Amino acid sequence: MEKGSYATAEWHRFNGLTYEKIRSVTLLNPIAPVDIEVTDGGFLVAIDNWHNLGMGNVLAIYSPRGTVIKKFSLKDLYSNEDIARIQASTSSVHWRCAGLSTSLVSSNELRVDDSIGGRFVFGLDTGAFVYQRAAGSCR
């Protein structure tokens, strides 16, 4: 797996005139996440790792204070049988639907469509999730 300096995220707040930095946090992603979702309430979700899709922590949810609420590897999300169904290359496991695979439904709910036709629905405040087989947009 590709390693390098770990990515950082910064939270800023508008004070009426300009933005001021309120915190900086080192993320669990070596080098950089592929995608990030941020809610109006300050939750941050880092998805996949640059150059190593589907390896290591594939999804990490951070609180508005920058602490890790929950982190997931593919083994946390799928059975071994489902992992075997996902297309892989030398450096990546292509678990998410190609193109736009994530959507914030509300300030507390993230949907992620996977490459085998399912959909994950994550509660951002707890990290709890439900997997809905055949509910995703990728078929």
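In this predicted model, Arg111 is partly exposed, with a relative accessible area of 30%, and its side chain meets that of Glu109 in a salt bridge with an N to O distance of 3.6 Å; Glu109 is likewise partly exposed, at 24%. Salt bridges that share partners also join Asp35, Asp48 and Arg96 into one network. Between Asp113 and Arg119 there is a further salt bridge, at 2.6 Å from N to O, and here both Asp113 and Arg119 are buried.

The side chains of Arg133 and Asp82 form another salt bridge, again given as 2.6 Å from N to O. This pair links distant parts of the chain, since Arg133 lies in the segment after strand S10 (129-132) and Asp82 in helix H2 (residues 80-85), 51 residues apart. Arg133 counts as exposed because its relative accessibility is 52%, whereas Asp82, at 7%, counts as buried. Over the whole structure, a search finds 7 salt bridges.

Finally, strand S1 (residues 6-14) and strand S2 (residues 19-30) pair in the antiparallel sense over 8 bridges, with Pro30 in S2 as the bridge partner of Tyr6. The two strands form a hairpin with 4 residues between them, and Gly16 in the turn has a positive phi of about 105°.

Key: Residues numbered from 1 in each chain as written. Predicted model: local features only at pLDDT ≥ 70, side-chain atom pairs only at ≥ 80, totals over all residues. Heavy atoms only, no water. Pairing = 2+ DSSP bridges. Salt bridge = Lys/Arg side-chain N within 4 Å of Asp/Glu carboxyl O. Buried < 20%, exposed > 50% of the residue type's maximum accessible area, 1.4 Å probe, protein only.
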